[in-house]
Amino acid sequence: MAILDVFDVSGSGMAAQSLRLNTTASNLANANSVAENPEDTYRARYPVFQARLEDALDPSSTAVQVPGIIESDKPLQVRYEPNHPYANDEGYVTYPNVSVVEEMTNMISASRSFQMNVEVMNTAKTLAERVLSLGQ
C-alpha cells in the first residue's frame, strides 16, 4: 500500500462516517413524528458499509463504500393516545421505530470513527512530510 492510498482509505472512511452521522441525525429528527396513515410513518434508516477493493491484485488497498441505505424492519411503536388527531378507531397512534438511545450510541460511534480516520490522515501527512524532509 502506497502512502497516498492511506489518504484514499481514510477519506472514504470519513465520507462513510459522515453519511452515518447524517442518517442518525435524520432518525433523531423524526423520532417523534407521526403520520395519519401507519404505512407513511417514518422508519429508521441505516447506511450499509462495504469494503471496496481498489485493485484485485492488491487486497491490502481497500476503501469503504456505501452501496445503499436500508430501512429498519423493526416494528413501529404503537401508543395509546385516544385524543391524538391521528389516533385510529381504537385510540392508538403509530410512532417511528427509532430508538433515541440506540441513535445516540450510533452518533458517538460514528463521531469517534470519523475522528480516528482524521488521525490516520494526519499521521500519514506527518510521515510524508518527514520523508520529504529527509532529502534536504
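Colleague: Is Ile-3 buried, partly exposed or exposed?
Modeller: Please bear in mind throughout that this is a predicted model. Ile-3 is found in helix 1. Its relative accessible area is 38%, and the class in between runs from the buried limit of 20% to the exposed limit of 50%. Ile-3 is therefore partly exposed.

Colleague: Which residues form a nonpolar patch on the surface, and what is their accessible area together?
Modeller: The patch is formed by Ile-3, Leu-4 and Leu-127. Their accessible area together is about 290 Å².

Colleague: Which residues make up the largest nonpolar core?
Modeller: A core of this kind takes in buried residues joined through side-chain atoms within 4.5 Å. The largest one has five residues. They are Ala-31, Tyr-42, Ala-44, Tyr-46 and Val-98.

Colleague: With which residues is Tyr-42 in contact, leaving aside neighbours within four places in sequence?
Modeller: Tyr-42 is a member of the largest nonpolar core. One of its contacts, Val-98, also belongs to that core. With neighbours within four places left aside, the list is Ser-26, Asn-27, Asn-30, Ser-33, Leu-76, Pro-96, Asn-97 and Val-98.

Colleague: Why does Thr-41 count as buried?
Modeller: Thr-41 is found in the loop between helix 1 (3–29) and strand 1 (45–55). Not counting residues up to four places away in sequence, Thr-41 touches Ala-35, Leu-76, Thr-94, Tyr-95 and Pro-96. Buried means under 20% relative accessible area. Thr-41 counts as buried because its value is 4%.

Colleague: Which backbone oxygen lies 3.1 Å from a polar atom of the side chain of Thr-41?
Modeller: The side chain of Thr-41 has a polar atom at 3.1 Å from a backbone oxygen. That oxygen belongs to Pro-38.

Colleague: How many salt bridges does the count come to?
Modeller: Side chains of opposite charge can pair when their charged atoms come close. The cut-off applied here is 4 Å, from a side-chain nitrogen of Lys or Arg to a carboxyl oxygen of Asp or Glu. By this rule the count is two.

Colleague: How far apart are the closest N and O atoms of Glu-71 and Arg-45?
Modeller: Glu-71 and Arg-45 form a salt bridge. The pair links distant parts of the chain, with Glu-71 in strand 2 (residues 58–71) and Arg-45 in strand 1, 26 residues apart. Glu-71 is partly exposed at 45% relative accessibility, and Arg-45 is partly exposed at 28%. The closest N and O atoms are separated by 3.2 Å.

Colleague: Which residue meets Lys-74 in a salt bridge?
Modeller: The N to O distance in this salt bridge of Lys-74 and Glu-102 is 3.1 Å. Its two residues lie 28 places apart, Lys-74 in the loop between strand 2 and strand 3 (77–80) and Glu-102 in helix 2. The partner is Glu-102.

Colleague: What separates Glu-102 and Leu-28 in space, C-alpha to C-alpha?
Modeller: Glu-102 is in contact with Tyr-46 and Lys-74, leaving aside neighbours within four places in sequence. Glu-102 and Leu-28 are 74 residues apart in sequence. Their C-alpha separation is 9.9 Å.

Colleague: What separates the C-alpha atoms of Glu-119 and Met-14?
Modeller: Glu-119 lies in helix 2 (residues 100–134) and counts as partly exposed at 46% relative accessibility. Along the chain, Glu-119 and Met-14 are 105 residues apart. Their C-alpha atoms are separated by 11 Å.

Note on methods:
Residues numbered from 1 in each chain as written. Predicted model: local features only at pLDDT ≥ 70, side-chain atom pairs only at ≥ 80, totals over all residues. Heavy atoms only, no water. Buried < 20%, exposed > 50% of the residue type's maximum accessible area, 1.4 Å probe, protein only. Contact = heavy atoms within 4.5 Å. Helix = DSSP H or I, 4+ residues; strand = E, 2+ residues; numbered from the N terminus. Polar contact = N/O pair within 3.5 Å; in protein donor to acceptor, adjacent residues only side chain to side chain. Patch = residues over 30% accessible without salt bridge, like charges linked within 9 Å, V, L, I, M, F, W, Y side chains within 5 Å. Areas by Shrake-Rupley, 256 points an atom, 1.4 Å probe, with all protein chains shown as cover.
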